[in-house]
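Colleague: I would like to go through this model with you and ask, for each term you use, what it rests on. Could we look at it together?

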Amino acid sequence: MSQSIVSGTVSSAYLGADHQIAYQFLIRNSPPTPIAYQQHTTVTKSACNCLLFRPSTFTKTAMELVTPAVEKMGGSEGIRRNSTLICAPIMADTVDQMLVQMNLAKSSGADLVEIRLDSLKEFSPREDIQTLVKLSSLPTLFTYRPTWEGGQYNGDEESRLEALQLAMELGADHIDVELQAIDDFNNLIHGDKPTKCKLIVSSHNYENTPSVEDMGNLVAKIQSTGADIVKFATTALDITDVARVFQITAHSQVPIIAMVMGERGLMSRVLCPKFGGYLTFGTLEHGKVSAPGQPTIRDLLDLFNFRQLGPDTKVFGIIGKPVGHSKSPMLYNKAFRSVGFNGVYVHLLVDDVKKFLETYSSTDFAGFSCTIPHKESVVQCCDEVDPVAKSIGAVNCIIRRPNDGKLYGCNTDYVGAISAIEDGLRGSDVQNGSTVSPLAGRLFVVIGAGGAGKALAYGAKEKGARIVIANRTYDRARELAEVIGGEALSLADLSTYHPENGMILANTTSIGMQPNIEDTPISKEALKSYALESVEPQL
Ligand SMILES: NC(=O)c1ccc[n+]([C@@H]2O[C@H](COP(=O)([O-])OP(=O)(O)OC[C@H]3O[C@@H](n4cnc5c(N)ncnc54)[C@H](OP(=O)(O)O)[C@@H]3O)[C@@H](O)[C@H]2O)c1
């Protein structure tokens with residue numbers, strides 16, 4: 001008896017879910033059929049209002065840097081809606097390697113380079129700094145981070161501060177001095193600072209993100225040292241920590257660099273231009289970061305449309321945990337760009353969805369997709385829920401109504417998944433004009449009873465399929481089967497369950513999700529008489 005599995009990442013067919021995991025569905029006794037993908041990227045334009053402001057001092061200082069940077073790049077950046085800079089951290093063992101990286105930074109689209117002197121294995125201050133300043137094709141920021149502030153330098157403090165003084169004298173555009181060392185540095189230079197060089201005074205908190213009041217006091221303290229630019233970085237224990245940092249950034253009267261480190265802080269790095277940050281850090285390669293959570297320059301520019309962001313840009317995102325694997329930002333940001341919509345769509349690593357929605361309650365945060373494990377709990381957080389989503393018991397798409405700011409939840413999972421399965425079943429016969437669903441009368445086994453499982457079970461039932469739910473936790477399978485009107489199975493029973501030809505298995509569990517994409521919810525042995533066909537979304 002021959003059987004086939006057809007699988008595909010279905011959600012590229014619709015907006016409103018995450019795009020990582022393929023729903024896999026198996027068909028007994030039908031030939032493997034490629035699924036043709038259609039993208040329906042409908043984006044509605046809406047009016048944008050935003051009360052946030054950017055201090056004029058910031059705009060002026062950053063623009064001074066941007067103009068020569070863009071000129072140096074032959075104007076290749078084109079029109080940009082903000083003056084927030086992208087700074088590439090340069091960390092290497094040797095000066096030669098640094099120079100290679102600096103050229104790469106320029107060709108990748110960075111505006112300036114942060115030269116991390118503490119990463120050099122051998123360092124001759126005058127000669128090396130002279131070379132780096134002279135040969136840099138981008139404006140420079142020199143940092144010589146000591147171990148006590150999260151860097152690699154563990155030598156004597158005097159030599160460290162003298163090297164920074166030298167960088168300033170030899171033509172650095174910026175130098176970064178830690179708040180803890182600024183008094184000693186000021187004593188060393190006796191106020192003798194070239195006007196060209198901007199002094200960044202920085203503070204790093206690797207433990208948490210303090211209260212708004214404490215961060216406000218920190219900014220005032222840094223400002224009082226004579227800093228041209230205030231920099232502080234905190235650590236995100238929760239994504240809502242970022243909101244406090246945005247508040248500080250948006251109200252700062254001095255140019256400010258304010259970052260929240262870690263995956264939960266990603267938004268602080270991407271949305272800098274919206275809140276008026278002086279610069280953000282973008283790496284040359286994935287994972288090669290100088291602080292946790294930094295995106296790449298290419299992601300900032302190509303994925304998040306960084307140059308087009310402004311105070312009035314609407315923020316959207318995918319709420320989930322884990323969420324970094326999701327391809328939704330690729331789909332939405334490309335769609336936003338292609339229709340000229342002033343929005344940005346980001347990954348949102350959320351632990352507590354209620355707290356998240358209560359914190360980001362302004363109309364600037366205009367809509368969210370919702371994925372594992374929040375699809376069910378988020379139903380309670382919406383002000384209004386579409387009747388179908390209510391019946392399913394899961395929401396994967398939340399829209400903030402522009403008129404009253406209320407959250408409206410709906411479910412697009414079942415439409416995306418079911419229509420993709422139908423297309424797969426129809427295959428080359430798609431033109432036959434029949435209005436009857438190929439799912440009608442079929443045995444449809446849903447593996448999983450979470451948010452996605454509920455949506456598929458509901459959708460397949462609507463199309464007239466006979467539903468069986470198989471789940472790790474049998475009680476959840478039974479509950480869903482009772483609601484939908486179907487049978488329940490344990491995962492173990494599913495291994496030997498193949499009562500008829502043409503039956504479909506749909507995997508809606510997190511098994512098979514990145515990075516373990518070869519894993520399956522039932523044994524390979526149980527699947528061996530099926531043929532697998534994978535269909536990639538065309539983004
Ligand atoms: N392609 C898309 O567009 C799209 C759309 C929506 C969802 N998804 C994907 O679908 C998956 C489920 O999402 P969800 O929102 O439904 O999550 P969820 O509500 O948390 O449900 C997770 C389901 O997976 C099962 N499960 C988890 N770990 C398991 C394990 N080790 N062994 C067996 N079963 C396990 C759970 O079983 P228990 O009940 O026993 O815990 C539950 O049935 C995620 O990977 C998500 O990314 C994809």
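This is a predicted model: local features need pLDDT of at least 70, side-chain atom pairs count only at pLDDT 80 or more; totals for chains, interfaces and linings use all residues.

Colleague: What makes β17 and β20 a pair?

Modeller: Two strands count as paired if there are at least two bridges between them, and β17 and β20 have 4 bridges, in the parallel sense.

Colleague: How do you know that both faces of strand β20 are covered?

Modeller: In a regular strand the side chains alternate between the two faces of the sheet. In β20 (residues 504-507), Ile504 and Ala506 lie on one side and Leu505 and Asn507 on the other, and all of these are buried.

Colleague: Why is threonine 296 called partly exposed?

Modeller: A residue is buried with 20 or more other C-beta atoms within 10 Å and exposed with 12 or fewer; threonine 296 has 19, and is therefore partly exposed. This threonine 296 sits in the loop between β10 and α10 (297-303). Leaving aside residues up to four places away in sequence, threonine 296 touches Gly282, Thr283, Glu285 and His286. From threonine 296 to leucine 284 the C-alpha to C-alpha separation is 5.7 Å, although they are 12 residues apart in sequence.

Colleague: Which strands stand at the edges of the open sheet, and why?

Modeller: The sheet has 8 strands in the order β9-β8-β7-β6-β5-β4-β3-β10, with parallel pairing. The edges are held by β9 (256-261) and β10 (279-281), because each has a single partner strand, so that one side of each lacks a neighbour in the sheet. On average, neighbouring strands here are turned by 25° against each other, direction ignored. Helix α6 (residues 212-223) packs on this sheet, where it touches β7 (198-204) and β8 (229-235), and its direction makes about 145° with that of β8.

Colleague: What makes β3 and β4 a pair within that sheet?

Modeller: Strand β3 (residues 85-90) and strand β4 (residues 112-116) share 4 bridges in the parallel sense, where at least two are required.

Colleague: Why is α2 called roughly parallel to α3?

Modeller: Helix α2 (residues 95-108) and helix α3 (residues 125-135) pack at about 15°, their axes being 11 Å apart. Angles under 35 degrees count as roughly parallel, and therefore α2 is roughly parallel to α3. Their crossing is right-handed. Where they meet, α2 brings Val95, Met98 and Leu99, while α3 brings Asp128, Thr131, Leu132 and Leu135; by class, this contact has 5 nonpolar, 1 polar and 1 charged residues.

Technical notes. Residues are numbered from 1 along each chain as its sequence is written. Helices (H or I, at least four residues) and strands (E, at least two) are DSSP runs, numbered from the N terminus. Axes are lines fitted to C-alpha atoms, for helices over the stretch in contact, and angles run from 0 to 180 degrees between N-to-C directions. Two residues are in contact if their C-beta atoms, placed from the backbone, lie within 7 Å. Angles under 35 degrees count as roughly parallel, over 145 as roughly antiparallel, 65 to 115 as roughly perpendicular and the rest as oblique. A crossing is left-handed if the near helix is turned anticlockwise from the far one by less than a right angle, and right-handed if clockwise. Ala, Val, Leu, Ile, Met, Phe, Trp, Tyr, Cys and Pro count as nonpolar, Asp, Glu, Lys and Arg as charged, and the others, Gly among them, as polar.
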